[in-house]
Amino acid sequence: MTTTLSAPARLVDRAGIPAPLFWGFVGVLLFMVGDGVESNYLSPFLVDSEGFSESAAAITISLYGIFVTIGSWLAGTLSSILGPRRVMFIGALNWVVFEALFLGVGVGMDVHWVAVVAYSIRGIGYPFFAYAFLVWINAATPAHQRGSSVGWFWFVFGAGLPTLGSLVASASIPVFGEFGTLWLSAGLVAIGAVVALLGVRERTFAGPLGAPGTSPLHEMGKGLSILWREPRVSAGAFARLVNTAPNFALFIVAPFFFTNEVGFSQGEYLQIVTIVYTANIFANLAFGLIGDRFGWKRTVTWFGCVTCAVGALLLYYVPLAVGPNFAVAVLCWAVFGIGLAGFVPLTALVPSMVKTEDKGSALAVYTLAAGLSAFVGPVLVGLLGGVSNMAVIIWVFVALYLLAAVATLVLKTPQDPGQEPARESVPAGTPG
């Protein structure tokens, strides 16, 4: 890392972002804004404009979630073998190429099977790009700055998907239409990739990170075997899976529920989403600090699991009772959104439970669970019958969050009685 910094670079460095990596954070923000544009209107777009059934749309997004899961697991391992910069390039290229096929052939020419296949394979793109940069951050950042650097990563990740992405959609759809807005999202992704790949000046850790001669199969196997070698890591991974699986499910059913059943317009709904997830990204930073003082495990249990269970009930039953009241809907959904941020300390907690040589595998399991949540959420929607069974879906969410609360009871952290005090700060930010 550079030792002599300009005044702006010193300012960035003091904020907790390593100056040589600064443009990578900007690039990830732009990339995730582009990726998040579709998050809260793709499902109704496929149903209303493209002739998909609600179940077919859910299946399409579920297949996408499978590839997100695969990409989330492989990103860390391939970064060790190929280098994070190359994996980021592969992810960005995948996203742009398959989005072009999805829009140009699948949607533009009304070839549904191409739309399904292209959109599904595109799911590898954002985990490769974003999580490879997370590996780059961990490798290149000095130990004293690593917590804040990872925190900023989750901050820009969550700011893009879905917060600013939904804001861009709400402003763009009236001007360019839903189809044109999807092309705009591809442009934002491409710009973000160029900014990150050309702007980052750090090269020491841009290439392969693994030990010479390490078998790729061995690395991948190690990243899975930790699930039974370290049961507490499995419990943490389950909590991480539950963290955002209901959130991805809401991306499918909430547009129908809030517009068709509650009575909001599409524009009002997207504004609600933007406000709620803006509160979420700032709550992410706050819970990083709270976790340091209140305890990582207790923060996840009470501010994460329990708060999300309460928030899920509020965001369904209260708007249904009072109708399209904008402020009430925002406040109720914000409880859920802030609860999502309560899971932030898992980012530090999961790798803290294992010895040094297993921390990389623990992080791989963490990102695998993060990716798997993008698959499990839509699958739940499909299995439970979609928005027509919204009450059942909500109560399943509540049950999952309470099960996750029970699972967190087995977690042991450096802050627990009898353990050594934590020496590193809790990474803040929306879990990936």
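Q: How many aromatic pairs does the structure hold?
A: There are 32 aromatic pairs. Keep in mind that this is a predicted model.

Q: OK, what about F31 and F129, how are those rings arranged?
A: They're stacked, with 4.2 Å centre to centre and 5° between the planes.

Q: And where in the chain do F31 and F129 come from?
A: Distant parts. F31 is in helix 2 (residues 22-36) and F129 is in helix 7 (residues 125-140), so the pair links residues 98 apart.

Q: Is F31 buried or exposed?
A: F31 is buried, and F129 is too.

Q: Switching to Y64 and Y119: why does that pair count as stacked?
A: The ring centres are 4.6 Å apart and the planes sit at 25°. Planes under 30 degrees apart count as stacked, so this pair makes it.

Q: Which helices does that pair of Y64 and Y119 tie together?
A: Y64 lies in helix 4 (residues 54-82) and Y119 in helix 6 (residues 112-121), so the parts being tied together are 55 residues apart in sequence.

Q: What's the relative accessible area of Y64?
A: Y64 comes out at 8%, which is buried. Y119 is buried as well, at 3%.

Q: New topic. Which residues form one aromatic cluster?
A: That one is made of F248, F251, F257, F258, F264, Y269, Y277, Y316, Y317 and W333.

Definitions and conventions: Residues numbered from 1 in each chain as written. Predicted model: local features only at pLDDT ≥ 70, side-chain atom pairs only at ≥ 80, totals over all residues. Heavy atoms only, no water. Phe/Tyr/Trp six-rings, centres within 6.5 Å; stacked < 30°, edge-to-face > 60°. Helix = DSSP H or I, 4+ residues; strand = E, 2+ residues; numbered from the N terminus. Buried < 20%, exposed > 50% of the residue type's maximum accessible area, 1.4 Å probe, protein only.
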